[in-house]
Every structure is written in C-alpha cells, then in structure tokens.
Amino acid sequence: MILGTVNSGSAPNMSPMAELVGATDPENFLFAYVVLYIILNVITIVVFNLGFARKLPVLKLAVVYILMLFGNIFMTFLALSLPIIESLFVAALILGVYKIQLKRYKKEEDSTTD
C-alpha cells in the first residue's frame, strides 16, 4: 500500500540552490552539477580563507586547495539534496562580519596605544 501512494512523476527533493540552478530537470542535471560544484568551491575557499588564522606556505596551500577541490566533488552530490551551499554562505557571512569587527577592534586598539 505504501508503495502505491508514491508519485513517481514528481521530482526528487532538492536543496533550494539546486532547484535554483535547475537540477530537478534531468536534461539540465550536468549543467546544474557543474554550476553547484563551482559555487561550492568558491564558497569553500572563501570560508577557508576567512576562518583559517595563519598563513600557510605555498606548497601546503596548494595541497589544501587540491584536496578541497577533490573533496568538493563528493560534497556536490550531497549539496543536491542538503543545504550545504546555503550553510557555507551563512558561515562566510558570519566569518566576514567577525573579520571586519576584529580589524576594527585592532585599529581602535592601535590608535589608543599611540
């Protein structure tokens, strides 16, 4: 009985970002996957740069970026049905506000010590 109530013509549940780029259309799936992959990589790199405190040497940074790009292939599959990109966007906003406040505080602190 339960299987008889499932509507096979409906699209699978997708995240809002996946629906925005058109991943619900099977003919548009590859384009949507590539767009989601690019968006996920950009936001992941922004979050990494905002959240990581110290500067890495160039070779270590290259290894981190390569592993990030490789890992985001699998994360994109999850981003089709889970709000991963949306969550990373919120994290980037929070970290951006934190960095702005930190710079403002350090600037104030330097001006009061002079």
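From the N terminus on, the elements of the protein chain run α-α-α-α. The secondary structure comes to four helices and zero strands, in a model that is predicted. Of the 114 residues of the chain, 22% count as buried. Among contacts between residues at least 6 apart in sequence, 67% join residues at least 24 apart.

**Helix H2**
- Helix H2 covers residues 29-51.
- H2 has 23 residues and reaches 32 Å from its first C-alpha to its last, close to the 33 Å expected at 1.5 Å a residue.
- The buried residues of H2 are Ala32, Tyr33, Leu36, Leu40, Asn41, Ile43, Thr44, Val47 and Phe48.
- The cover over these buried residues of H2 includes H1, H3 and H4.

**Helix H4**
- Helix H4 covers residues 84-113.
- With 30 residues, H4 reaches 43 Å from its first C-alpha to its last, close to the 44 Å expected at 1.5 Å a residue.
- Buried in H4 are Ile84, Ile85, Leu88, Ala92 and Gly96.
- H1, H2 and helix H3 (58-79) are included in what covers the buried residues of H4.

**The largest nonpolar core**
- The largest nonpolar core has 15 residues, of which Ala18, Ala23, Leu36, Leu80, Ile85 and Leu88 touch the most other members.
- Helix H1 (16-21), H2 and helix H4 (84-113) are the elements that give two or more residues to this core.
- H2 supplies the largest share of the core, five residues.
- Leu36, one of the core residues that touch the most other members, is also among the buried residues of H2.
- Ile85 and Leu88, also among the core residues with the most such contacts, are among the buried residues of H4.
- Leucine 88 touches Leu40, Ile43, Thr44 and Val47, not counting residues up to four places away in sequence.
- Leu40, Ile43, Thr44 and Val47 are among the buried residues of H2.

- Asparagine 41 has its place in helix H2.
- Asparagine 41 counts as buried because its relative accessible area is 8%, and the cut-off for buried is under 20%.
- Leaving aside neighbours within four places in sequence, asparagine 41 is in contact with Met68, Leu69 and Asn72.
- Threonine 44 also lies in helix H2.
- The relative accessibility of threonine 44 is 14%, so threonine 44 counts as buried.
- Beyond its neighbours within four places in sequence, threonine 44 is in contact with Met68, Asn72 and Leu88.

**Surface**
- The accessible surface of the protein chain comes to about 8600 Å², of which 71% belongs to carbon and sulfur atoms.
- Leu30, Val34, Ile38, Val42 and Val46 make a nonpolar surface patch of about 440 Å².
- Valine 42, one of the residues of this patch, lies in helix H2.

Definitions and conventions:
Residues are numbered from 1 along each chain as its sequence is written. This is a predicted model: local features need pLDDT of at least 70, side-chain atom pairs count only at pLDDT 80 or more; totals for chains, interfaces and linings use all residues. Side-chain values use heavy atoms; hydrogens and water are left out. Buried means under 20% relative accessible area, exposed over 50%, partly exposed in between (1.4 Å probe, protein chains only). Contact means heavy atoms within 4.5 Å. A nonpolar core is a set of buried Ala, Val, Leu, Ile, Met, Phe, Trp, Tyr and Cys residues joined through side-chain atoms within 4.5 Å. The expected span of a helix is 1.5 Å times one less than its number of residues. Accessible areas come from the Shrake-Rupley method with a 1.4 Å probe; for residues, only the protein chains shown count as cover. Patches are made of residues with over 30% relative accessible area and no salt bridge: like charges are joined within 9 Å, nonpolar side chains (Val, Leu, Ile, Met, Phe, Trp, Tyr) within 5 Å. A salt bridge is a side-chain nitrogen of Lys or Arg within 4 Å of a carboxyl oxygen of Asp or Glu.
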